[in-house]
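Subject: Structure handover

Hello,

Here is the structure I said I would pass on. Please open it first and keep it beside you while you read the notes below.

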There are 2 protein chains.
Amino acid sequence: MRLRSFLHQFLPQRRCYSHSTMSVVNKSAHPFDKSRLDALLNRRFFYAPAFEIYGGVAGLYDYGPPGSSLQANIIAEWRKHFIVEDHMLELDTTIMTPAPVFETSGHVARFADWMVKDTKTGDVLRADHLVKNVLQARLAGDREARGLAAQPKDDEKDKKKKKKAKTVAVQLADDLVKEFENILAQAHNYSGPELGELCRKYDIRNPDTDNEVGEPQQFNLMFASSIGPTGQHPGFLRPETAQGHFLNFSRLLDFNNGRVPFASAQVGRSFRNEISPRAGLLRVREFTMGEIEHFVDPEDKSHSKFHQVRDIVLSLLDRHVQVSGSTQVTHMSIGEAVDRGIVANETLGYFLARINLFLIKIGINPDRLRFRQHMGNEMAHYATDCWDAEIENATGWTECVGCADRAAYDLSVHSAKTGQPLVVRQALKEPVVTEKEVPEFNKKVLGMAYGRDAGVLQKSVGEMDQAQLTRLKGELAQGSTTISAQGKEFSLTPDLLTIQRKTFKQSIREFTPNVIEPSFGFGRILYTLLEHSFWCREQDIERGVLSLPPIVTPTKVLIVPLSAKEEFDPLVQEVSTKLRKAGIFSRVDDSNTSIGKRYARNDELGTPFGVTLDFASVQNRTMTLRERDTTDQLIGPIDDVIAVVTELVQGTINWPAACQRLPAYDGVQAVD
Amino acid sequence: MRLRSFLHQFLPQRRCYSHSTMSVVNKSAHPFDKSRLDALLNRRFFYAPAFEIYGGVAGLYDYGPPGSSLQANIIAEWRKHFIVEDHMLELDTTIMTPAPVFETSGHVARFADWMVKDTKTGDVLRADHLVKNVLQARLAGDREARGLAAQPKDDEKDKKKKKKAKTVAVQLADDLVKEFENILAQAHNYSGPELGELCRKYDIRNPDTDNEVGEPQQFNLMFASSIGPTGQHPGFLRPETAQGHFLNFSRLLDFNNGRVPFASAQVGRSFRNEISPRAGLLRVREFTMGEIEHFVDPEDKSHSKFHQVRDIVLSLLDRHVQVSGSTQVTHMSIGEAVDRGIVANETLGYFLARINLFLIKIGINPDRLRFRQHMGNEMAHYATDCWDAEIENATGWTECVGCADRAAYDLSVHSAKTGQPLVVRQALKEPVVTEKEVPEFNKKVLGMAYGRDAGVLQKSVGEMDQAQLTRLKGELAQGSTTISAQGKEFSLTPDLLTIQRKTFKQSIREFTPNVIEPSFGFGRILYTLLEHSFWCREQDIERGVLSLPPIVTPTKVLIVPLSAKEEFDPLVQEVSTKLRKAGIFSRVDDSNTSIGKRYARNDELGTPFGVTLDFASVQNRTMTLRERDTTDQLIGPIDDVIAVVTELVQGTINWPAACQRLPAYDGVQAVD
């Protein structure tokens, strides 16, 4: 992909070289340190625990100015990439939902996690996380005992986000290590009773207290409330936006002139009352999501634009590989994956490829992105197939996008419950002509012959299939016959019942469409993006940088006047206005500190470019241009610099190209 | 204002003339018919009752594609107009809120409406709406009886949005009419017991059943829930986003380098469990709002940009006028209003003027916009002053933006509750030097002299003011003296107590900022905008048009190929791509119906411009350009038309100017 090479300059963890005048940047001089990143994000108010001055509430976070802006830019790009590109119908539906909707959708009965209680303290733990966490700790202890501790396995990193289980260096039997590894590879696949069984079998206890835990119980993850002043109308906060699409299906279909396929899309807040969230933005109780519901003919899941993505190579981890106890990905073009049946159909494949493109475009490291297929027990109750886009981060691999085939599940259950047809009616090009044997009673004779039992007879004949009717027709042609129904005998004659062959012409096909649903958790994407973007300067570990792509950075260009003195005001105004006209969002930092400090502060916010206005600018109308990652500086006439930085932000040129357009700056004024 | 004249072309209810080739449009040929507008909005899925196939829930609505898009465009313009223009700090905070926050903020105790119950059926009604509704019906009956029914007063329209009270033509005593009118002019000003008193005094009953109603009771409008698996942590859905700003005040102040004034801003969903909502988008239980919290020095509420808005004229309705029983607005520049003390300060005035500009920019008719000041009892518990931007619509005058001075209320109560200082610390330019008399006891002598009573003496002296200390100092200089405290006598001597004059230097000023809060309900703005934009073609009342300004229309340009035939594809692609490059959102309608019908359909969606591609386009590369309101058409080379329509959408030219750039189209192909 060309995209990848363009983005290369923005990705951390790599060494960037460029033409001779440019600096060499070693982004992996210091190993990634989550605590440094967290401190930066907290200090610069990307986000913070909500209600912090009240002690906070687990799983609830507020986004400050840079976090809000980063999220808004990710969402804006999402709208362009998905909604505008594929002409999706955007919706904005209601969060507060009356209970009957989620009773029908299955969420009241089944949208639950398994929890266990500490038998002595009553503390509540999520059962699958407990099992995973304790077994991982034992494996880590085993490796330590065997002197292998330096190389923790990928999956072991998962433990950091869960309740910590203490690692004790105890060697395990080789067989047991194999067993534990096998359990962990399919950790998502266990039912509640199975998790209880594992707890008993391996004596898994609450790591905080070493007490035993009780039997797993289901805890529904929806927040409950009630609507109206009488308290008689129970409601739930939606745990996904999807039901809002399904309930409006007929209106959407109508808006699309009755034609499928089409997709609706929505960005909005959803709520899940997680049992014990402790993983920052990765597991929260309230989150902004983007959901697409693509409605498609169940008999034709091809996609008209699949050829455009066919050659894109994805990292795939299918369910068979996982069930076999492995987490080894396969790199394969989506075309091949669909051809070989690994991915079920073109529409699902199209979305996986588009998701891949989107995530890379906003700055996710493609080497830390994989698509993992759900195993049987892991799937949500409404899904028949599901692939997650998982992004690797300090806590392991995290699901950031789910792409589920919900089949006709939701439309069917809502239609059955409400009696509203949620179907597509399609004019057939060629009417389908069929012939059928049709029974017809002579009502008058029927009534006289059987009175109140007439209904029983009619029902019985009405339920006959074509073969039975043909046989009966033959018998009637012989004169008369007898059938029994509900323990009664009925004698049939041609004056009572005639069976005739009739021709039927069907010109409309009616069907319930299937739904392919890509579902994005923006908070998780945002957090993993921040991790992938963070590094520290080789010469000074205290100087953190967020190498976010310009497309998503809160500020594109920082304007730095030498000081807040009035003489710089006209130039600051001029540059700021010209950038705004070019559609570039800039910010002025005229605070009372050195230029170097101001740049360092904005490296932490991810601002990719900075321009400095000094006395030379006032005299000669020149301006320097600084690039965030290399800290290299160029110089040129103000308008030339604006032209170059505009192209840099729009992505039509990269920094090496900019270095060929403007001379390097080697002025006496040290800014770094 | 220039803005007003530019927008003139988009405002309905006026007659538009222009240069000779242009059509005359009479937008008020048909009187406004709310049922026609409602039918259009429902048919084209601007919005619809949420959970409609489940029978719906009062006060909950879903936005379909055109409604979502219109709302998104209004919000995008809001962000530009307020956040970007004034460098506000954007936030995105949490909806689910632990109960202690709203206990402190006063919402648990006081965020309530008064409801009454029908004494027989138990039906619940909002008390103030009941009183207003019944008295309005009686006044309408009176006017009918007097033969004056044709001219209902403005406020009387309010009844449509409430539970309908039947109008019976009964003439009232002149005095009673006066009384009712007086009550209605201050309808917002009554407490619950007063509303109960009015019900008894005027025998106000439930209009549906004619039963009496009980005493008004308070009903809290917040939706309750609980957080976490144990059910021990009660929470509420926020009824406003504001608390999220206040709780993050210290972080925001820090982000702004410790300086005030600054403003934070947030767009987000809020929830109010309304008692019996029946007014479409005007009274809902879940809504998207935009809130700005402008933090300002309580001793200096001037605004550095007030001079930019000083001359803007507003329609003001202050509290004194209302209490006197009138609803007569005054037209006055905001500069004069602040100078005369009608609007309390520059910051409040700045925001009223900016709100006015914003609403007019997006298409609200300035003649149907007023600013009304809250009366004493009407104000929210946190406000010391409040002006509402009210917009007139078929149901009366509706509050669409509130602009409250919350003073230091919120920061003070949260700080007192949590012990966290929510203050600004400002270095004083000149330290303040003060001298004070300071008492000092000789602890040893004191203990020996008074033992356990020493504390009583110390407290008594410690509480003395400067005058008392000066007098005591004088007495001690005489040798000794006596004071009494808590019924005891204490003898004082210079060896026990010395009083000395000391110098104090204060270099930091610490204060709790005040908050000015403009708060926008986007659903109400959106609905009133749709009303102000709607009219029907003079020649055909069935053909509705939404004359929305291009800045907010869901689609800016409709591309209409003569048919879906392949030969038009390259041109459609070309025009579509060129418009996208110019930043113009277009849509193609190649559906299988006449061009006229396609345009009519898009008039209903408010699409301001359309371009038609036909055989002439293929042969000569020309294209026609149609304007929505006049239905006039121009013609020109494709690139010229794109240039003109780009300027039209950007607002740099208007339609009359476009008519001078391109020749009128009078081709044989009739498209209207």
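Start in chain A, at a pair of residues that face each other on neighbouring strands: A:V557 has A:F609 in β28(A) as its bridge partner. Before going further, note that this is a predicted model.

That pair belongs to a longer contact. Strand β28 of chain A covers residues 609–613, and β26(A) pairs with β28(A) in the parallel sense over five bridges. β26(A) also pairs with strand β27 of chain A (residues 586–588), again in the parallel sense, here over three bridges. In that pairing, A:L558 stands opposite A:R587 of β27(A). As background, strands of a sheet pair through backbone hydrogen bonds, either parallel or antiparallel.

The chain gets from β26(A) to β27(A) by way of a helix. Helix α20 of chain A (residues 569–581) makes a right-handed β-α-β unit together with β26(A) and β27(A).

Is β26(A) buried or exposed? The strand, residues 557–561 of chain A, is mostly covered, with five of its five residues buried. Both of its faces are covered: A:V557, A:I559 and A:P561 are buried on one side, and A:L558 and A:V560 are buried on the other.

Now chain B. Nine of its strands form an open sheet with mixed pairing, in the order β5-β12-β13-β23-β18-β17-β16-β14-β15. Its edge strands are β5 (89–90) and β15 (330–333) of chain B, each of which pairs on one side only. Within the sheet, strands β16 (residues 369–373) and β17 (residues 385–393) of chain B run antiparallel and are joined by five bridges. There, B:R372 stands opposite B:D388 in β17(B).

Last, the place where the two chains meet. In chain B, 67 residues are in contact with 67 residues of chain A. The two chains bury about 5,700 Å² between them, 63% of it on carbon and sulfur atoms. Of the area that chain B buries against chain A, B:I53, B:Y54 and B:R251 supply 14%, more than any other three residues.

How many salt bridges does the rule find across the interface of chain B and chain A? There are four. A salt bridge also joins the side chains of A:D92 and B:R269, at 2.5 Å from N to O.

Regards

Note on methods:
Residues are numbered from 1 along each chain as its sequence is written. Chains are lettered from A and ligands numbered from 1 in the order in which they are written. This is a predicted model: local features need pLDDT of at least 70, side-chain atom pairs count only at pLDDT 80 or more; totals for chains, interfaces and linings use all residues. Side-chain values use heavy atoms; hydrogens and water are left out. Buried means under 20% relative accessible area, exposed over 50%, partly exposed in between (1.4 Å probe, protein chains only). Helices (H or I, at least four residues) and strands (E, at least two) are DSSP runs, numbered from the N terminus. Two strands pair if DSSP finds at least two bridges between them. A crossover is right-handed if, with the strands pointing away from the viewer, the path from the first strand over the helix to the second runs clockwise. Contact means heavy atoms within 4.5 Å. Buried area is the accessible area (1.4 Å probe) that two parts lose on being put together, summed over both.
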